[in-house]
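User: I am new to this structure and would like to learn how to read its features. Please take me through them one at a time.

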2 protein chains.
Amino acid sequence: MTPRRTVQQELTKEMIMDAARDLFSEKGYQHVSMRQIAKELGYSHGALYYHFKNKAELFYALVENHFSMLNTVLDQIMKKEMEPGEKLKEIFIGFIKFGLTYQSHYEIMFLIKDEEVRNFINEEPNHTYEKFAKSVYSLCGKNVSIQDVWFIFLSLHGFVTHYCRHVVGFEEVKGLAEAHANFLLRAIH
Amino acid sequence: MTPRRTVQQELTKEMIMDAARDLFSEKGYQHVSMRQIAKELGYSHGALYYHFKNKAELFYALVENHFSMLNTVLDQIMKKEMEPGEKLKEIFIGFIKFGLTYQSHYEIMFLIKDEEVRNFINEEPNHTYEKFAKSVYSLCGKNVSIQDVWFIFLSLHGFVTHYCRHVVGFEEVKGLAEAHANFLLRAIH
DNA sequence: AATGTATTTAACCAGTGGTCAATAAAGGGA
DNA sequence: TCCCTTTATTGACCACTGGTTAAATACATT
């Protein structure tokens, strides 16, 4: 039998999650097998089941992680001392920046299609959206309806989704992102 | 062996494509098997291979079809006699309706990440976007920049993408789609 | 009857998620 | 140093799915 690896090279949850994150966001949940993840890491697929009960649990671990990251981004911006209009713009751009900086995360959070997985992730997107919506709503005053906030979200979602697909980093579309934010601001004033 | 069917009931390319279209747009390419399509039609799965070389060929036959469908949708609306503002709204809603009615094809047209497939579909998305952009631009007068048209597209794209992921048909979000169209109209006026 | 065409059936093959006994390495006493 | 326990890893294995193919069969037409 192949000799066991030394301690330094031992498989960790983190190693698995890193590999899985890349594969999942590149190919989608369905198109990634536990065997592929293991191969990417240079381990046998059985080893993964020592660290995660099953494929879904591994996936879920990733998701939780990423949602709390985005929540933090939003919280940070809301804490800043600045004019509401500017802050609103920061929120918009912050969302885009997050999506394009952590593309693979974003895909998993908002772009995964698989129903089986979706049932799993139910609450987090809602919770994060709530945070987004409350922030936007409170910064807009009464110029804006609940529905408009949703449309703003969908619009940002469209922006991120498109440029995710074309594998572009945030810096490359920073200017466009600002223009898009302004476009949305115009829609509500 | 099960007795063979009479001539009137013989399987045709059209019958297969009709069944496949429904299934693909309901469940997505990956989640539909040749066996399922055959079962839906009441034939054995082997029979499909008499009419189509393989699953991909069957699928591409549908895709070609749907690009020209979207173009036709846009052309039809442009031909109508109506006020520019109303027409613009129709364009927006027409796009959404198309996207949510033929979800799996929309995915291929605008959402697919797979490079292999993308090389196959190179020109059509650009061509279709050109048609969309020209239509919108001409209906807006000078209130709108080229960039704004792009943002409108991204916004519609976000709407469709989101509801594609949540496997909802157009009828279920018809009202929302109209509100979204109005939202975009407000952004450019 | 003969022929060509459409269809069914069974089988093949590659791949999947998941389980598990066997086993090797590491670490801690004594 | 040896022994023992814990931990990590492996690879064989199961039951299953799905695309594809080839042989066998039924039908319609001639």
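User: Is the crossing of H6(B) and H9(B) left-handed or right-handed?

Analyst: In this predicted model, H6(B) and H9(B) cross in a left-handed way.

User: What describes two packed helices?

Analyst: Two things are used: the angle between the axes of the helices and the distance between those axes. Here, helix H6 (residues 103–111) of chain B and helix H9 (residues 146–165) of chain B have axes that come within 11 Å and cross at roughly 135°. That angle makes H6(B) oblique to H9(B).

User: Which residues in H6(B) and H9(B) meet?

Analyst: From H6(B) come B:Gln103, B:Tyr106, B:Glu107, B:Phe110 and B:Leu111. Their partners in H9(B) include B:Phe153, B:His157, B:Val160 and B:Tyr163. The contact is made up of seven nonpolar, three polar and two charged residues.

User: How are two copies of a chain related?

Analyst: A rotation about an axis, with a shift along it, relates two copies of a chain.

User: Why do the copies meet through the same surface?

Analyst: Because 94% of the interface residues of chain B are also interface residues in chain A.

User: What does the UniProt annotation cover in chain A?

Analyst: The unreviewed UniProt entry gives "domain: HTH tetR-type" for residues 10–70 of chain A. Over residues 10–70, chain A is 75% helix and 0% strand, and the end C-alpha atoms lie 30 Å apart.

Key: Residues numbered from 1 in each chain as written. Chains lettered and ligands numbered in written order. Predicted model: local features only at pLDDT ≥ 70, side-chain atom pairs only at ≥ 80, totals over all residues. Heavy atoms only, no water. Axes fitted to C-alpha atoms, helices over the stretch in contact; angles between N-to-C directions. Helix = DSSP H or I, 4+ residues; strand = E, 2+ residues; numbered from the N terminus. Parallel < 35°, antiparallel > 145°, perpendicular 65-115°, else oblique. Left-handed = near helix turned anticlockwise from the far one by under 90°. Contact = heavy atoms within 4.5 Å. Nonpolar A, V, L, I, M, F, W, Y, C, P; charged D, E, K, R; others polar. UniProt positions renumbered as here; feature names shortened; annotations may be inferred.
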